[in-house]
Amino acid sequence: RSPTTMAAAGKKKDVVILLGGSGPGAAPKQADLVQVGCGLCDVDVEANALRKLKDDKAGTESLGNLSWPSQASQENTVPAAVVRISLVLKILELLKGGTKVRSALVKYLKDVLNSKSAPNLSLHGNESGFTSLVTVLETACSLTDVEKTILLEIKSLSNAYAVICTAASTQLLALSTGVAALSAEACPADMRFLDQGALETYGNKHVISSGMELRGALEGSSVLSSSKGKKMDSFSEIPFVHAIASQAVSELSKAVNIELSNPQGSFVVGKDSIPVKASCVQSFLLSYVESVLKVVSLSLQRTAEIKDRISSSSDSELTGELASFLAKNHGVATGRYENACKESVGFAQVLLKSEESNSPHAGLSAAAVADALHQTLLLEAFAAVSLLRMNQGAKVEEEPKPAEDDAESDKKKKKKKKEKKKKGAIGHGSAIVQKYFETSCMKDQDSPYLNVLCAPAVDVKDLKLETYYQNLARAIDWAFADLKLFLGSLQQLIESNQPRRKPKIAKGARDFLPDQMKIREGVFSKVISVFKKHGAVSIDTPVFELRETLMGKYGEDTKLIYDLADQGGEILSLRYDLTVPFSRYCALHNCGNIKRYHVGKVYRRDQPQMNRGRFREFFQCDFDIAGTYSTMVPDSEVIKVMVEILEGLEIGDFCIKLNHRLLLDSMMAVCGVPEQKFRSICSAIDKLDKSPWEEVRREMVEDKGLAGEAADKIGQIVGYHGHPKKMLETLKTESNEVLEALRTHPKAKAALDELSLLFDFLEAMNALDRLSLDMSLARGLDYYTGVIYEAVLIGGNVGSIAAGGRYDYLVGSFAGKDIPAVGVSIGIERVYSIIEAKLKEESKRTGVPIRSTDTQVLVSSIGNGMQKKRMEIADLLWSSGISAEFGFKPNPKMGDQINYALENGIPFMVLFGEEEIAENKVKIKDMKERTEISVELSSLIEELKKLI
């Protein structure tokens, strides 16, 4: 449709789109471009952007006198809306041309856009379509090479087609759900595949969402549960086909946004410019046409089924006329579909075979597909609403009835509901779609219903099928606001009809109840107190980082990083641990020497094992020392901190397994492991705490390609573990071919010397007995360079409860200079699970509940009207630093107050009644000892502090 027709459709051109702005968000939105393309708003150019161009008064005068020659309509004419959008994109490119582009040309193109016309362009062969435009402009003023190149460039035309097709298809695909629902009612079709349980087995969220939308439109319909409907692929494939098409349109829209944010045809590097010829939009257009054509194909199949049902419904002249009309238009729609397929094949061949990445076939193909989608949905909608009206019979408009009392009204509603159920009612969404389509068909007719199709005897000459069809065509035209309003109301109904699921939490995450939070707070408090005791400072970092910050730091575990959706800005991921963000922090803030602790949540896309303390969202408590210090001094303090924390938490007997990365690398080398396989083989060794040696050996040899002889040599060493100093002596002296080779390796010798020094320091700090030198410990993270350690609960089945190591080069990967660092991370979630289980067992044994508050005193009263006095005494206690509650009931029963204190483990109650108030006294009740004393109100605080 031409912009003139669009502007005449009741729209006001009162919006102006500003072009040439700078900074993020300055590029025009796709919705703005559609408005410009449809002639619904004007454009203007930023004054600062114009000032950067060359000023040419002669060009202004000659272009001002330019008139467009009239052109006859010809094949492959570019739609006016596409031309206008393409001109906007041309302006954006010209504004990047600097002094090689004249401001007069940009102003002229702006004036063309703000007029109610657009240049007539047509595509021939591989021409850009703008050849005629350039020819006309050349007659008025000589174009510069830069101006001519930009104007002839075809990428803007493909992008313009993509903008229009994205806008059209977004609404038409939303409409297709309603149309398909109406067809299912009219046939009727077997729609039991939309059962909620069946949908959730599909496994893909987009397919499930698509199926749930169709179910939402049909909610309340008998076709969802009836087995009488016909089973048809054209219905059962809807969730899959619509999901794929919707995703293709969404990805195409994202690709267009990328093009819009960088419209220039080259990247400027200093004084040079690098031309940008490739268009990401082209490849996404190919996915778009392929997926949307499948939607068109299903729609044609459903329409054919409806047409056949109408033909076989009766032998009347009316039925024959309707069937003939549908057959004729089905042929037209099929022709559009075949043309779209032909254009798409041509586009695919050009895209895959040609070195030229931009082709006019892209736009023609996309336009043909969008047109075919519109025509087939129009035909299916008309066929479905016609058959449904014939099935239901003529509808009579009900006259307003006098008001009835509520009881009588309810009876009639129930009766009507039963009758509807008996007849086989249609869905709530289907009813809205039917009403919209039917009233649209019958616009300006005597009745809003297609009752003419149900008349027992009607002259076919009175049938205005073409009129009804064209009325419906206008009602489902994506460019008009009527369809947008209808789709909005339909979507609202679909969402309200979605089945109400029982709320559930995301897999691998947890909610914490008040008593659980009380335990957690206690654990955190103990851990943090040890950190502070050792002089650590606290920092915090964002829960998300630039994805490039996290990549390449975690070895095989990199696949567990949660990536955030790309919304056109920075590529972000949720942090996997606190160590890499700390290294980035040190590099960014040039920290130098720092001893820090950090408590925060981290995220891993792992398979959760809740009973073993493995979650997707969990807290880590990290303690790190970064900077230059004497050898093994910071390492020893970090391990001492770990020992103190685990002993202070009283979680049971534990062991800290320890190894050295240089010792591991030396072992790999002397056993004949290729250097490029060091990390992957270490990752396999690290599984020895969970898998037997036979399984680990099989992974090394079969999965990771290690020679069997090398694996057997590794097997001779990884079994060594025991008391640190004794094991160190064993490694240094025992006669073993592999160990003898290991001792002579320079890296191994350095590692053994460092371990000897570390064990002396730990012995001095009374922390050595908790350690075990374990040659099977091979933590898989890529950034460790020295000592590594891992704490496990002896006899437990929860995995490691703390782990860490030295990482000398991680900060340097951000800062450009190496800053040595060593740290430990407490597995607080697993520690908490252990403590919670112990406290629950103790509570069950003693009958004393796990407390969720710190309340020490419950202020209670006997008699009525005492709430204000309870508040006064509670405030007195709060002011003195005593935790207290007073109860919200105005006149609580004494039994209820005592039960509340017992259930919540509140140790003391302050009691009073009218008699105590008169004497200015209160009673203190000890809930554990079951004793009670009377005290002066003035002595209450003193007495309570003695008891507490």
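**Pockets, a cavity and the elements around them**

The lining of the second largest pocket divides into 15 nonpolar, 14 polar and 20 charged residues; here Ala, Val, Leu, Ile, Met, Phe, Trp, Tyr, Cys and Pro count as nonpolar, Asp, Glu, Lys and Arg as charged, and the others, Gly among them, as polar. The model is a predicted one, in which local features need pLDDT of at least 70 and side-chain atom pairs count only at pLDDT 80 or more, while totals for chains, interfaces and linings use all residues. Residues are numbered from 1 along each chain as its sequence is written, and side-chain values use heavy atoms, with hydrogens and water left out.

In this pocket, 49 residues form the lining, and Asp 557, Tyr 576, Arg 604, Arg 614 and Arg 779 lie nearest its centre. Elements giving two or more residues to that lining are strand S9 (617–626), helix H26 (678–685), strand S14 (800–806), strand S15 (821–826) and helix H33 (828–846). The space in the second largest pocket comes to about 1,200 Å³. On a 1 Å grid over the protein atoms alone, a pocket is an open set of points with protein on both sides within 12 Å along at least five of seven lines, a cavity is a set where a 1.4 Å probe fits but cannot get out, and lining residues have an atom within 4 Å of a point. Grid points are joined across faces, edges and corners, and a volume is the space filled by probe spheres set on the points. Helices (H or I, at least four residues) and strands (E, at least two) are DSSP runs, numbered from the N terminus.

Helix H25 (residues 661–670) is itself mostly covered, as seven of its 10 residues are buried. Just after H25, Gly 672 takes a positive phi of about 90°.

Among the lining residues are Lys 869, Phe 912, Asn 920 and Leu 937. Helix H34 (867–879), helix H36 (914–918) and strand S19 (921–926) each supply at least two residues of this lining.

Note on methods
Buried < 20%, exposed > 50% of the residue type's maximum accessible area, 1.4 Å probe, protein only.
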